[in-house]
Each structure stands twice: as C-alpha cells, then as structure tokens.
Amino acid sequence: MVEFSEHTEDKVLWHDLKSGDKFCFNQLFRKYYPELYYYGIKIFPDPDFIKECIQKVFIRVWETRGSLAEVDNVKSYLIVSVRRMILAQKGKEKDKHNIEIGKAENYSFFFDVNEFEKHEEISDEIRKVLLTAINSLTKNQREMIMLFFYHELTYPEIAQILEISIPAARNLMYRTLIHLRESIGEKSLNSMKNMFFLLFSSVSVKKIE
Amino acid sequence: MKRDEDISILITDKNFQKLLSEWSSFNEEKKAEVYNEYGLTAKDVEILLQLWFGLDFQSFDHPKALIEEALAETVWKMAEGKNTHSGKRPIRRLYEQFARIAAILIIPIIIYTTYIQFFKVDQDLAEATSQMITVSSQAGTITNTTLPDGSKVCLNAGSSISYPSHFDGSTRNVLLTGEAFFQVVKNKKVPMVVSAGNVNLKVYGTSFNVNAFPSEESVRVTLVEGSVSLSSPSGKIKNKDEYFIEPGQTVTYFDDSKKLTVQNEDTFFYTAWKDGILVFRNNTFATVLKQLSRKFNMDIELKDQSLASIPMDATFRDENVNEILRLLSLGTPFRYYYESPRKLPDGTFAKSKIFIVKN
C-alpha cells in the first residue's frame, strides 16, 4: 500500500513539474536529494562535487521540462541521471580533484559497519563477517547491493543503471547472495553453538531462582 | 533439499522478506508452515534471517538545513542561467536574490527545528485526540476562523463550518453550510476538500469563495487565485470527475439538473462581503432584500411583489440598514416601515421586521 501511494505521488509531482510548477520541483528536490547524495558519495567521495552534479541534473530537468517524457520511476530516472552526470563531470574536471580518476573506482561503493542497522537476529560478529564479504565483492556487485537493498530498485532499473542486461543483473544478484550466504554460513554455525550454550546457562540460572 | 541459489534468492522475494521481518512473532506452527512451503530447514531460515537483517541499511539522514541550502543554490543557479543569457542584470542583483531566498528559507528552518523540539509531543497528543469543531457565524455578523493547518476562513452571516481539531496526514476535510471565503495553505500532498451543499471542492490552493446556502438551489464558487476542482458524489460534472475552475471564474452549479454556468466577471462582486461591503450588480430587489436580511439579521418582507424583479446597482460599505433602504428608495418607488418588536414567550425579542411597500 505504501509503495503505491509513493509511486502515485511521484507521478503527480513529475507531471506538474513538467507543466512548470516550481513547488513540485522543490518538493521533488527535497524528497530525493538525500538518497541521490548518498548514492553519489558512494561513487565519488567529494561532497561539493556530488552536490554540484545533483544540482546540474535538477537544473537540466527544469530547463527541459517541456520535452520530458512521463517516467515510470522518478527515483530510478534521477539515479541514472546523477550517475551519468558524475561520470561526465569526472571526465571534464579530472584535474581539479584530489582523487585521480583511475583510483576513484577503488573507492566506489565500500561500506562501513555503521551503515547497517543492528538487529538481534544477527550478532555483531556476524555483521562484521558479512561486511568484509560485501566489501570483497566486485564494484558492480556492491553497487547492486545498494541499489537493491537501500534504494529498493527493481532488476530492470538496476540493469539500466549498471548498463547490463536484465538477465545479467539477476545472475549477478544470485551469485552475490550465494557468496554472502556462504561467508556467514560457517560463522553462523559456530555462533549458534554459542547461542545454545548461553541459552542453557540462563535456563539453569532461572531454575535456581 | 533445494540448491543454494534458490535459498539465497528468497531474500529478494517481497513476500518472503515480509515473513523474515515478522519471524520473531511466529509460533512454531506458523514456522513449520513456512518450512514446508519453501522446502527449508530451521538452519536455512536462521541464515536467511542473518542475511536479511545484515543487509538492512540505516536510513541516511541528511540535515534539512543542508537540503534547503542545496535547493536554494539550485534555484539561484537556474535564475543566474536565465539572466546571463539576457546579460542585463548585474551580479549584485543575483546575490541579493540568493540572499533573499536563503533568508526566507532559514526562517522556516528555524521555526521548524524549534517546533519539533518543543511541540512534537503536544502534536502527537493532539493527533490522538482529534475532535470535530464547528464554528458558526451568527446572523448579521462575519466571523473569522483559522483551521488547524493555518488556513484562514471568513464566514458570512448565518454560515457554519466544521472541521477536525487536527488534520490527519492524509486529508484536510471541511464541511461548509452557507458562505465562506477561504485562504488555504498550500499543501500538494494533503489537498483540502470542502464539502458544501451537494458538492466537494478539492483545493490545491489558495483563495476562493464558496456560497452554498441550504435555501439556495445551487452552489457558487468564485476562484480568486490558485486551483480548485469541483466534484459531485452523484456523478460527473460536464463529463469530468473533477471540474477545474480557473482563477477569476465564478462557477454556479445546480446539482439536481447538473447545470453549470461560468462567469468571468471580476471576483470583487462575489467576495466583497468579507470586507463588509455589499455589492449589487443588476440584482433584483428581492435578492437585495434577502441579502440585507441576512447581513443585518432582520426580517425584511416585500409586501408588493410587483417590485420584486426591479434590477439594482449599488455598493454599500458602512451604511446601516436604514441608510441603505433610504438610499435605495431614492431610485426605486418604495416605502418601508418597522413593525414593533414582539416579545416571545421565553422573554427574548423576535427579529426586527421591516415591511416594504410600493410608494
């Protein structure tokens, strides 16, 4: 239900923006700026540069609003646009930035353990193992994890962003998840044994009480 | 036993994701159902739970002030783009525009931050205990009221408006009987819906007048500024689910015959009442007397029906009823007299009564 109204709201905002409604432009900006910023920063960790790229995308959207098509998913459209803008701008301004273009790829889509929520279902130990596994995936795999689990995009949308085919995207996800599952599989077995031990200890404590 | 790939991929299935999210609340029976349905063991689910919860990203909170700053800059850049093409405006002027935008935006940010720090608790309470409020304008008076979202309503005499003490996030519903002038706070996410007579008005903002007295057959809406649409629960209006009214237009709608007329006259005529101004433009004497009765809370009876359809043009601001009738009688052949006020059984007096007769 929530998804439906989100989608509808975007369609309305997009439609009205095309007619020149500045309020809708502002609302769309406010709504997606954080997500686009987070995504952009993962590609290239330069806050001012990323901010500029996002702004350029929105400016271009506004300036070409008369000839914009209706889009299925506004968020996906914006992410694709920002990604392309970053690559295009990187090509233009490579001399101005501290991080060289070649090395920049090495910094893309790495995650810190604090970017993920803590949950009782997963111990800190296993979270660390999972993180190491994620960060050892290929750049496309890491980007895909973010696009799927954070930005909640679909396979067709992810395929468009990564510039691969839809079956290739699915395949990539399968292999990624197998790898992650395997990495925590073994650790999990050990921690389950620990859990059992703790369970029995607490039970005996209760009995004494 | 399923292959590894099949199990891992369940993480991407929306239905399965939901099951995993609610797993801790399931009893053994429910869990067994899931094991069977998907061909999994308890250990499989254990691992899938860890995978699912391990991939739960924290929401990224971008400080609102920074978002607003980025937006202000964007707007400024867009303006700059336009100006440099025309090459007419100096740089200083652009900076002033930006400064203005930054200033206007900073104030709401300060207010918002203060608001959420100090008032959020009260807001939650208010949301939980929302009640219906009805504001009525007594005969002969004009009443102003402010709705929970800050929208302003000016109620004409003999009118009333009902609304909840707190608007929930999805709609702003308001019920109107009589006549009111609205100045609605813009909120595209939460449109205001005014129910008046047999129609619903969806407000996209901002200023408009609604005339919907039960004694009249029609509902009349005058749009000064903004965007308002008319819809009827009983069907389409001019083949549309929502009939949009243009600024400057006055639309009169008869729900039983589904007749709709549009006038593009000046809106002043229909909205002057809110400033206490009475405007008559080619209105019949009968209509004039009806309006005077309403405004002054009197019972004005036209004894000679032959005078009823005489057209009148006049504008009155501060005159009382006597002065108005006197002025009107200069151009139209009538006399008027008061009936002595009757005392009612409960000790109060009935409304003053004026009789209009031919001269």
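Helix α4 of chain A, residues 74-92, contains 19 residues and spans 27 Å from its first C-alpha to its last, close to the 27 Å expected at 1.5 Å a residue. The expected span is 1.5 Å times one less than the number of residues, and helices are DSSP runs (H or I, at least four residues; strands are E, at least two) numbered from the N terminus. The buried residues of α4(A) are A:V74, A:K75, A:S76, A:Y77, A:L78, A:I79, A:V82, A:R83 and A:I86. Here a residue is buried if 20 or more other C-beta atoms lie within 10 Å of its own, exposed if 12 or fewer, and partly exposed in between, with C-beta atoms placed from the backbone.

The model is predicted: local features need pLDDT of at least 70, side-chain atom pairs count only at pLDDT 80 or more, and totals for chains, interfaces and linings use all residues. Residues are numbered from 1 along each chain as its sequence is written, while chains are lettered from A and ligands numbered from 1 in the order in which they are written.

Two packed helices are described by the angle between their axes and the distance between the axes. In chain A, helix α7 (residues 139-149) packs against helix α8 (residues 155-162) at an angle of about 140°, the axes being 11 Å apart. Axes are lines fitted to C-alpha atoms, for helices over the stretch in contact, and angles run from 0 to 180 degrees between N-to-C directions. α7(A) and α8(A) are therefore oblique to each other; angles under 35 degrees count as roughly parallel, over 145 as roughly antiparallel, 65 to 115 as roughly perpendicular and the rest as oblique. From α7(A), the residues A:N140, A:E143, A:M144, A:L147 and A:F148 meet A:I158, A:I161 and A:L162 of α8(A), a contact requiring C-beta atoms, placed from the backbone, within 7 Å. By class, this contact of α7(A) with α8(A) has 6 nonpolar, 1 polar and 1 charged residues. Ala, Val, Leu, Ile, Met, Phe, Trp, Tyr, Cys and Pro count as nonpolar, Asp, Glu, Lys and Arg as charged, and the others, Gly among them, as polar.

Chain A as a whole has 9 helices and 0 strands, and 29% of its 209 residues are buried. Chain B has 9 helices and 16 strands, with 25% of its 359 residues buried.

The contact between the chains takes 38 residues from chain A and 29 residues from chain B. On the side of chain A that touches chain B, 24 residues are nonpolar, 6 polar and 8 charged.

Conventions:
Contact = placed C-beta atoms within 7 Å.
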